[in-house]
Amino acid sequence: MIGSVRCNGANETVSSNGTNVTNETASGNGHNKTKLFIPILERKDQPPVFTKLGIQLAIDVAKNSSYFKDFLDKYEIVAESYNTKGKETSAISTSTYLLRYIEGGYALLLLGPQTPAEASSVLKVVRFYRKFMVTYLTTSSEVKELEDPYGFTFAPSASTFNKAVVSIMNMFKWKRAAVVYDFLDEGGLFVKAVDNLIKKADFEIIGFEAINTGEISLKGNIDEDIKNKLEKLRDLDSKIFFGAFNKRGASLVFCTLYKMKMYGPEFVWILHPEAETVNDWDSVAAVERKKNKTGACTKEQYEEVADRTIILDKNILYRTDDNTTTASGLSLRQVFKMVDPEPTTETDKIELTTAFDTMWAIMLALKEANASLPSSLPLETNVKEFLGKSKITETIESKLKNLSFEGLTGPISFTRNEEREGIIGVKQYRTSEKSLKQIGKHYTKDNEFVLLYNRTDLWKDGQIPYDSSQKKLVPQTVAIELFIVFSTAASIGIVLGIMFLVFNRYYRKYRFIRLSAPLFNDVMVIGCIMCLSTVYLFGLRNFDDPKIDMPPICKARAWILNVGFSLAFGAMFIKTWRIYKICTNKRLKVRLGPLSDWWMLAMVSGIVLIDVGIMVAWEIEDPLEWAQHNFTEKRDKDNPLFIIVPTLNTCTAKNLTVWLALIYVYKGIMLLYGLFLAYETRNVVYAHLNDSRVIGICVYNVVVLSAIGAFLALILNNDQYEQLYAALSVCIIFPATVTISLIFIPKLIHRVKMSSLDDEAGESATNTRTFTRPSIDITSTYGDATEMGRERYVDASSTNGSVNTLCVYQNGDAGLSPAPSPKPPTKLKELSPKALED
């Protein structure tokens, strides 16, 4: 049974029975043996107990193996530990001493060292002396062992780790990631790792930033430099990161992440093994804190920011089937029981099994190399001479890379590139447990990642993080309260319009309605109802597929509002135009032309057709298209993996301003002409004929509210969409409702005040006589005179071109003056009021 031992010098080792073996002589079974020196380069005065026990156990087991009997009868393996203190200079001086100046025999090969920078330096030394270096706990910075005949490694290479990273990415279906690496430390190890990852990755590397975590930064401020680099990656929407740096780099990077609040369930870091653990980061920060640097983070802060971080194991894992007999004749369980103390932690077991397999492989390679080398060039040549023979070194290297056997760490073999095949452990830090937890294994030979837990169990709330921000588009709608208020107001206006429409149709045969042109009243009401209905359309914002559903809604708004406006004000202005044509043509010097209802209705249709022409041209040349306006993003409180993006569905066109200006100009001209008609007919006394005041008020409302609406549209942007909706609704509801009310409420009051409808329906011929001329069509224009001296008709002569007075103004002047000395016509035609009324 092997006991734990402290290695106090370079000249003693531990044998299977616990006795010391010196460098001077050794004997076995009465025969002198040639010692083959294999120094172990450790980074500490006190080497890892289980590393030392694993190496010595392999030697002791080989001594009792019949397979090695002939070889070990001739040679004795002497493995001694030497401290390099983890420094390159110390590693160079120690290796040079072992290869050149040590007494009693020179090193056949060097086992170690344990850091990439040291390994890179020692490889140069052994190449000079034509000896051999085998690393097992690390590789050189650029993994030169894979291509240099004087070097070999049992440790996973950058390529091995990167294959594990790719497998992890595929396991969680991540398709994009960012890389942060240290470009100066560890002799370029991480540069090589990133370069290899870029070549092998089957996912998108959206960005990679190089940082300098050395003691002296080129930028002077390391923290600020790291912050700038991380901000760049954050701006690229990076959520998955691969960190290739050592523990100092991890300490600086994760402290910066904490200060930037760039951590949480949505961020995932996959770290290179050299990053080590939270405890190591805190130890680095503790040194900074002793220097009174207030920026250093505490252990609790590191624990918070490192939650769910994935860290790859530095070494190949031991096999899981602990009862399988390996090439040494022992099972994993037997080996663990053969050492005292028995390894209990994962790290102890990995160190023990890795050291055992490495030493066992070296002895196999030495045995086979010894058998294949000529008798004139035995292995001991490189022990006796400080400048070794390349043939011996190359033979040892050749036998190593062709090995294939069952080891304690699983099947041991090497790829064409001399990369060790085995199992890479994958761990995850859990803040709640304050420890690393193994979550999976990557089998390098099959390039397969096996997860030990359900995928969702590894993440907070069972939600696998996404590789980019999952933006949840939340369409912004008009507040339901606001929509109800304006929809109700519009509905009241529509109901009012329908009521007046019924009222107008019911009393259309009575003079107080006939005189106001009931057909055009109907058209005005329909136009106003159309305008009011667009209030509902402007309030619609949320659609299942806004890209398809929104454009028809926008077009419907424009069409209905434009046509409704033209119908309402076109009908009002056209019927006033008829009054204007008759009442201002005093001597009928100009032929009036047809003035019937249907002819006037055709004129209204012409006004609408202009709108149709504009809208059709707009639709053909520059149609309205769906557009989405995004507001400030915010994190979803219920699910931090999602970002809520408030969006507003709108419509736009390339030349929207031009088309709106064209419509505004056209409508403006119409309103100005309406004001002109109102001014010209302002003195017509008969209430049912004089709409000048109504026109003036309506135009005033439209102009003022349009100006206010345009001003608000300029100062309010899409962020104030509810205010815009409110302003637009007011600009539609108020003038439309007022227009309907001004037209019909006086008529409704007149009807209420009437005691009887008999006179209104009667056709009195007493006061209603006129002479007609073929050149003048004034049917459906005026009705019975209701008050002599205020509204009266006087016979006109058909022979001298003069007509009776048809319109009397407030100043008593006739709109159509009688000609001097009128002659009665030869033939009179008495017309009924119905024939003259509209």
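The legends below describe close-up views of a predicted model. In this model local features need pLDDT of at least 70 and side-chain atom pairs count only at pLDDT 80 or more, whereas totals for chains, interfaces and linings use all residues. Residues are numbered from 1 along each chain as its sequence is written, and side-chain values use heavy atoms, with hydrogens and water left out.

**View 1. Packing of helix α1 (residues 49-63) against helix α12 (residues 346-372).** The two helices, α1 and α12, pack at an angle of about 40° with their axes 7 Å apart, where axes are lines fitted to C-alpha atoms, for helices over the stretch in contact, and angles run from 0 to 180 degrees between N-to-C directions. Helices and strands are DSSP runs numbered from the N terminus, helices being H or I with at least four residues and strands E with at least two. Among the residues of α1 that meet α12 are Phe50, Leu53, Leu57 and Val61, and the α12 side includes Leu352, Phe356, Trp360 and Met363; contact means heavy atoms within 4.5 Å. The residues of this contact of α1 with α12 divide into 14 nonpolar, 2 polar and 2 charged, where Ala, Val, Leu, Ile, Met, Phe, Trp, Tyr, Cys and Pro count as nonpolar, Asp, Glu, Lys and Arg as charged, and the others, Gly among them, as polar.

**View 2. An open sheet of 8 strands with mixed pairing.** The strand order is β12-β11-β13-β14-β15-β20-β21-β22, and the edge strands β12 (204-211) and β22 (448-451) each pair on one side only, pairing being assigned if DSSP finds at least two bridges between two strands. Neighbouring strands of this sheet are turned by 25° against each other on average, direction ignored. Strand β21 (residues 435-443) runs antiparallel to β22 and is joined to β22 by 4 bridges, and the bridge partner of Gly440 in β22 is Leu451. Helix α7 (residues 222-235) packs on the sheet and touches β11, β12, β13 and β14, with its direction making about 170° with that of β12.

**View 3. The disulfide between Cys255 and Cys297.** The sulfur atoms of Cys255 and Cys297 lie 2.0 Å apart, and the count of disulfides comes to 2 when a disulfide is taken as a pair of cysteine sulfur atoms within 2.5 Å. The torsion about the S-S bond of Cys255 and Cys297 is about 85°, so this disulfide is right-handed. Because Cys255 lies in helix α8 (residues 247-260) and Cys297 in the loop between α9 (278-290) and α10 (299-305), the pair ties together parts that are 42 residues apart in sequence.
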